[in-house]
Amino acid sequence: MSDLTLLDMDEDEYQNAREREAHKARQHADDWRWLLSSAAGRRIAWALLQASGVFEAAASVEGPWAAFHEGRRRLGLAVLSRQHDSPDDYALMLKENVNV
């Protein structure tokens with residue numbers, strides 16, 4: 001949404017903002033389905049998941065390295081959270097990459 005807060009919006013502005021957000025969410029879901037629909041896209045998504053370390057044990061580091069690892073992991077979790085947009089393709093990606 002824009003810099004307006006909910007208190008600054010009238011009903012039409014609020015409805016328009018909700019519609020824009022819903023459109024962005026649908027577009028993001030469509031983009032994820034498109035990405036996972038091809039073998040190349042699944043390889044890219046898998047590489048992001050692996051690089052983020054979401055499938056590894058949590059690192060036992062402190063200070064700036066802990067923040068680095070947590071930031072990396074949070075990106076991977078964001079990618080992983082999109083699996084619900086295309087569960088069949090996500091399952092195929094796992095089949096293609098686990099125990100290869």
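A residue counts as exposed when its relative accessible area is over 50%. In this predicted model, Ser60 has a relative accessible area of 74% and is therefore exposed. Ser60 belongs to the loop that lies between helices α2 and α3, the latter spanning residues 64-81. Along the chain, Ser60 and Gln27 are 33 residues apart, and a distance of 38 Å separates their C-alpha atoms.

The packing of helix α2 (residues 39-52) against helix α4 (residues 87-97) was examined next. The axes of the two helices come within 10 Å and cross at roughly 70 degrees. On the α2 side, the contact is formed by Arg42, Ala45, Trp46 and Leu49, while α4 contributes Asp89, Leu92, Met93, Leu94, Glu96 and Asn97. Classified by residue type, the contact of α2 with α4 contains 6 nonpolar, 3 charged and 1 polar residues.

The largest nonpolar core comprises 10 residues, namely Trp32, Leu35, Leu36, Ala45, Trp46, Leu49, Val54, Val79, Tyr90 and Met93. At least two residues of this core are supplied by each of α1 (11-36), α2 and α4. Ala45, Trp46, Leu49 and Met93 are members of this core and also take part in the contact between α2 and α4. Leu35, another member of the core, touches Gly41, Arg42 and Ala45 when residues up to four places away in sequence are not counted. Of these partners, Ala45 is itself listed in the core, and Arg42 is among the α2 residues that contact α4.

How values were computed
Residues are numbered from 1 along each chain as its sequence is written. This is a predicted model: local features need pLDDT of at least 70, side-chain atom pairs count only at pLDDT 80 or more; totals for chains, interfaces and linings use all residues. Side-chain values use heavy atoms; hydrogens and water are left out. Axes are lines fitted to C-alpha atoms, for helices over the stretch in contact, and angles run from 0 to 180 degrees between N-to-C directions. Helices (H or I, at least four residues) and strands (E, at least two) are DSSP runs, numbered from the N terminus. Contact means heavy atoms within 4.5 Å. Ala, Val, Leu, Ile, Met, Phe, Trp, Tyr, Cys and Pro count as nonpolar, Asp, Glu, Lys and Arg as charged, and the others, Gly among them, as polar. A nonpolar core is a set of buried Ala, Val, Leu, Ile, Met, Phe, Trp, Tyr and Cys residues joined through side-chain atoms within 4.5 Å. Buried means under 20% relative accessible area, exposed over 50%, partly exposed in between (1.4 Å probe, protein chains only).
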